[in-house]
Amino acid sequence: MRRTLSAALLGGFVAGTIDIGSAALVNRASPVVICRAIAAGVLGTASFHEGARAAVLGLLLQWGMAMIIALLYLAGTALIPPLRARWGLGGFLAGVATFVVMNYVVLPLSAVGHAPHFTLQKGLENFAALVLFAEIIAAFVYCGSHLRARNS
């Protein structure tokens with residue numbers, strides 16, 4: 001179980017890092033600006049005037065949320081083992097859930113205070129980025145559990 005847990009946390013770290021890069025591409029902004037936007041969930045608009053401290057906070061928040069999502073995926077697939085074995089489907093479903101929860105629960109409850117107002121294109125880009133994020137986590141969890149099974 002320790003190997004699977006480690007794989008999930010590593011998957012969260014990798015997915016969280018790639019997610020910052022994909023957000024930078026989608027929004028045509030630097031990763032520093034994306035990290036400050038993440039920190040805005042805690043600091044509000046002041047995060048864009050806080051410099052490097054806000055960017056570091058945003059990065060740490062991103063990694064923390066990504067690892068929590070990875071642990072939730074791990075727990076969910078422990079309850080529904082076929083989703084761990086069919087990691088592509090499990091990752092897609094986790095991506096859908098992550099998109100909904102992040103945009104319509106977390107953001108409105110954060111210092112940002114509202115759900116995003118997407119154009120169709122931006123909504124699809126955000127959705128695709130979060131599905132990719134969850135697929136990465138699912139692949140890491142699958143590999144971690146598969147390695148565990150082979151070495152048992």
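Biologist: Is Arg53 exposed or buried, and what is its relative accessible area?

Modeller: This is a predicted model, in which local features need pLDDT of at least 70 and side-chain atom pairs count only at pLDDT 80 or more, while totals for chains, interfaces and linings use all residues. Residues are numbered from 1 along each chain as its sequence is written, and side-chain values use heavy atoms, with hydrogens and water left out. Buried means under 20% relative accessible area, exposed over 50%, and partly exposed in between, with a 1.4 Å probe and protein chains only. Arg53 therefore counts as exposed, its relative accessible area being 64%.

Biologist: Which residue meets the side chain of Arg53 in a salt bridge?

Modeller: A salt bridge here is a side-chain nitrogen of Lys or Arg within 4 Å of a carboxyl oxygen of Asp or Glu, and by this rule the count comes to two. For Arg53 the N to O distance is 3.4 Å, and the partner is Glu50.

Biologist: With which residue does Lys122 form a salt bridge?

Modeller: Lys122 is partly exposed, at a relative accessible area of 27%. The closest N and O atoms of its salt bridge are 3.8 Å apart.

Biologist: Where does H5 bend?

Modeller: Helices (H or I, at least four residues) and strands (E, at least two) are DSSP runs, numbered from the N terminus. The bend at a residue is the angle between axes fitted to the seven residues ending there and the seven starting there. In H5 this angle is about 35°, at Met102.

Biologist: How many aromatic pairs does a search of the whole structure find?

Modeller: Rings of Phe, Tyr and Trp (its six-membered ring) pair if their centres lie within 6.5 Å, and planes under 30 degrees apart count as stacked, over 60 as edge-to-face and the rest as tilted. A search of the whole structure under this rule gives five.

Biologist: Which residue forms an edge-to-face pair with Phe99 at 5.5 Å centre to centre?

Modeller: Phe99 is buried, at 12% relative accessibility. The planes of this pair stand at 80°, and the partner of Phe99 is Phe127. The pair links distant parts of the chain, 28 residues apart, with Phe99 in helix H5 and its partner in helix H6 (residues 120-151), namely Phe127.
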